[in-house]
Amino acid sequence: MSTVAIYLLTGGLLFVIGLHGLIVRRSLLRKILALNIMDSGVFMVLLSLAARSDPPDPVPQAMVLTGIVVAVSATALALVLLVIAPSRYTDEHDPNA
Amino acid sequence: MTFGGVLLLLILLSSLVPGVLIFFVAEQRRRLRTVLNMSGAVIKLLLVVVLLEGVREGLFFQLSFNVLPGLAFVLHADALSILFIALSAVLWLVTTIYAIGYLENSPNRSRFFGFFSLCVFTTTGIALAGNLFTFLIFYELLTLATYPLVVHRGTAPSLRAGRQYLIYTLGGGVALLIGVVGLNLLAGSQPFTPGGYLGVLAGQHDTELKILFVLMILGFGVKSALVPLHGWLPQAMVAPAPVSALLHAVAVVKAGAFGIVRLVQDVFGTGLLIYLDLLLVVLLLASVTIVYGSLRALMQTDIKRRLAFSTVSQVSYITLGVTLAGPIGFIGGLAHLVHQGLMKITLFFCAGNFAETLGVHRIDQLNGIGRRMPWTMAAFTVGALGMIGLPPMAGFISKWYLAQGALEVGQQWVIGVLILSSLLNMMYFLPVLYRAWFKPPMEQWPQERLKTRWETHLSLLLPPLFTALLALLAGLLAGMSTSPLAWAELITLRNYAL
Amino acid sequence: MDLSLHPHWAVWCIVVPLLASGLAVLVPRWGKTVGVVGALLTLLAVGGATLHLLAHGPQRIEIGGWGAPLGIQLQLTGPALMMLWMTALVSVPITLYACDYFVTRSQQLRFWPLWLLLWATMNMLYLSADLFNLYITLELISLVAVVLVALAGPKAIRAAIRYLLMNLLGSLCFLLAVALMYGAYGMLDIKMLAEQVEATPLTGLALALMSIGLLLKSALFPLHIWLPPAHAGAPAPVSAVLSALVVKASFYLMLLLWLTLYSSLVTHGLTTLIGVLGIGAILWGSVQALRAARLKQLVAYSTVAQLGYIGLAITLIDVAAWQPVLTFMIAHACAKGAMFLAAGNFQRAAGHDRMALISTALRALPVSVFAFALAGVSLIGLPPSGGFLAKWLLLSAALDSGRWLIALALVGSGLLTALYIFRVLERAMRPGANLQPVGRVSPLMEWSAFGLGLLAILLGFAGVGITQIVAEWPV
């Protein structure tokens, strides 16, 4: 198996793991983390696509850079909302969370 | 835009503009509202007279623009439009006067009169619609404009009646919509044409045509209260009396009946319908409705409900006349469109007067009312005798032509239906007249409200007297060139190209 | 000077609200003025773009002179122009409404920059020509919309978080699909891709991921669960924007991709699946709207049902293409915007929006009731209205291709809609005590709702224009 394929599969796997976490976990913080794992998965797929050629294709790299910016902002927003949310919604043991 | 187009537009605007303005009139500004109401009604009547003269001369008025490529919004005025529009213009004026007297002391008048005008606007649109698509637009608008009138009082029973009214009429509207879309796909967007425009499709799309016709009859059947689609009508009696008068005599049921006339005469054409074996079905349905409505009317003890079932029965005379598929029957049906309107509005006005003046709602409370309210009762008598079809009343003229028409096309059994219905009419109207004129009055009326110089408020008294007079004249002077009958003959001449 | 000659009207459609947004951040005192002037100028830019399209046809603009593959390209087509118009027509009344709606200073401070930014990003989405740029716009729309929902205060935070998570998930699915497409074809430009796309399993996977992501954002049943709390919980102008405009953006994008990129892969089975989901949405949304205890919930569930109607329309894209769906979206945008604004007025006046007690507020605000009624007429699909026009087109397409079941679902949906619309309207007819107003509803708030409702009706007369623009300059 080539290196690129391994990276591709890992990326896909990360995406699925994140998705699982997003659906199964009740705690909002964990859901946010799960989304970040999914982000990483997609970025990995993009980077491995870039690595197929020599020199590496710049377009996916540009996409990942932009994507990271977006992901950071989204995470920041989610965390702010988490902080200002009434506390019972963020409690890990609360069935509503 | 041509002069004719402008005229049609003005006629529509003459009730739309006052309607919209009235919504903005403050509740207590009674005079301004009355001025708006009356000027709209009078202007409209004058414009309709101009239109009538033009059409009589053989002019053709039209206005059209495309809503979608290949789909036109068409207004036009042919002889048939005039019949309906003249009826609604005259009766609107009268009902407006009546409604002002009836409602001026109750809440939400601006809302009421606003929708009242919109209702007439849509009725006018129905009369002037030049193709099925345009007809559909105004037909559905009529539902919307009448709903607030039906539920005007806002009480639990009226809201329930309103809900039922909507379910029936919107359901019918859906059937009609499918029909119109289907015909549009088959034949394109064509204007109403005397003798129909679908004849060329005979033999190619028979099944589709049959399905679409049935759907559209269902759609029109709801408003024209064909059994078994009549259920909303007696319920809608919770509305104020002017609404019942307008709804039952002019707007809603007539729109349905008028739709059937257009559909049979100007879209399918009787020839095609005979070929498709569909006319007899509708004829039977109309006959069943005539008998069933009369039977149910007989069982009612509430005056307005009895009149409502009487309407169910009487409106189907129009359908009957059209589906007889002969020129004489057609004349009878069309003349009845006007005759029934005049007679039934008189009856509802009178019923409203009894309720408003003395609190009388039930038939057993009518004893001796002829002595307390002789003028109103006289008007009621004219209407009732007309409904029975006593010569030389207007109702007799219609029934006579219908019977002749049945003979002409060899459907003798229809005469049986007419006779049976007339007998039933007698059975539910004559006892009422007897009670009112000959039985001694009760000690005290249920709720005597108005003490005026006249037996009731003048603006309540004059409208029924005027419409009763018209109903009487329509029968007595049926031979005159301005009578409804003469106009029905003119339409028939043009339609059958005799 | 011939205005249609100016080459960059389409760019102004994005730049004007973006600049206004920045200005609103810099000079918070001018928030309202900047908002209103920005809105009117954006409307002007859309008008200019229309002139340009009518005179010169579809247009591609390379921003900063950078072409594909690295540069950002914009394209102006007939359907994109219709979406720009939809956004502008709905946004102007909402902007006016918001002037009087937000009373506290902190809300005003936050609302104006965010709202103008949202408008800019929506316009950007409609004009974008490549997949990655589309992802960015999608993500931006979601983020801004979430913050706007959170403006309603602590009660809405939970709905906002749910909204955010679902939308981020949708965006990520979309991004992964973009990556797969780039991996397979080495390009992102939609037009260039459309010429290359083959029906391979990988492309199929990308189609599936993209569709799921976009359907999640469009809240098509059963992916709608995030919508009612977010749309019902947000401040009224924000609810109007979300229900009228934001959900349409992702639906439009899905349609665009299906009709261009994946036209060879979109099978009858797939559209049928969407149609079935659509029917599910109509039934579920209508029943919930009939049972809703609060007015804004009712309107939000109505959105769920109406989005199902778009799903139904998608089953007909093989015979009817863009026009009916676009007409429906525009009509629904105007109607739903008007409804949420009117509902906001009732809520402001009564201090609550509980259906059981709302009738006093309805009686006190007849203009808003009329706005609600006009919008309702269009939603039910009664003539003459934009909703009726769309229904007519869809019904024609369904009957013409012999799909009776779809025709029945189309008209049945109208009847269900009527039931819950009149559930509200009949409350306006009940007699009772006069309202003791809790909050002030200004005439501007009433009339901007009314204007939107009227627009939904007037659209019924714009059929020829829409047909011309969409049919002559398709994607």
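Q: In which loop of chain B is B:A325 found?
A: B:A325 sits in the loop between α13 (303-323) and α14 (327-358) of chain B. Helices (H or I, at least four residues) and strands (E, at least two) are DSSP runs, numbered from the N terminus. This is a predicted model, in which local features need pLDDT of at least 70, side-chain atom pairs count only at pLDDT 80 or more, and totals for chains, interfaces and linings use all residues. Residues are numbered from 1 along each chain as its sequence is written, while chains are lettered from A and ligands numbered from 1 in the order in which they are written.

Q: What is the phi of B:A325 near?
A: Most residues other than glycine have a negative phi, and most peptide bonds are trans. Phi of B:A325 is near 65°, a positive value in a residue other than glycine. C:A219 has a phi near 60°, also positive and also not a glycine; C:A219 is in the loop between α8 (201-218) and α9 (227-233) of chain C.

Q: Is B:A325 buried or exposed?
A: A residue is buried if 20 or more other C-beta atoms lie within 10 Å of its own, exposed if 12 or fewer, and partly exposed in between, with C-beta atoms placed from the backbone. B:A325 has 22 other C-beta atoms within 10 Å, so B:A325 is buried. C:A219 has 32 C-beta neighbours inside 10 Å and therefore counts as buried.

Q: Which residues does a cis peptide bond join in chain A?
A: A cis bond joins A:D54 and A:P55, with omega about 0°. A:P55 is in the loop between α2 and α3 of chain A. In chain C, a cis bond joins C:P383 and C:P384, with omega about -10°, and C:P384 lies in the loop between α16 and α17.

Q: At what angle do the axes of α2 and α3 of chain A cross?
A: Two packed helices are described by the angle between their axes and the distance between the axes. Axes are lines fitted to C-alpha atoms, for helices over the stretch in contact, and angles run from 0 to 180 degrees between N-to-C directions. The axes of α2 (residues 28-50) and α3 (residues 58-84) of chain A come within 10 Å and cross at roughly 175°. That makes α2(A) roughly antiparallel to α3(A) (under 35 degrees is roughly parallel, over 145 roughly antiparallel, 65 to 115 roughly perpendicular, the rest oblique).

Q: Which residues of α2(A) meet α3(A)?
A: Among them are A:L28, A:I32, A:F43 and A:L46 in α2(A), and the α3(A) residues include A:M63, A:V64 and A:L79.

Q: How many residues of chain C are in contact with chain B?
A: Two residues are in contact if their C-beta atoms, placed from the backbone, lie within 7 Å. 23 residues of chain C are in contact with 22 residues of chain B. α18(C) gives the most to the chain C side, with 6 residues. That side divides into 16 nonpolar, 4 polar and 3 charged residues.

Q: What does chain A average in pLDDT?
A: pLDDT is the predictor's confidence in each residue, from 0 to 100. Chain A averages 85, and 88% of the residues score at least 70. Over residues 89-97 of chain A the pLDDT is below 50.

Key
Nonpolar A, V, L, I, M, F, W, Y, C, P; charged D, E, K, R; others polar.
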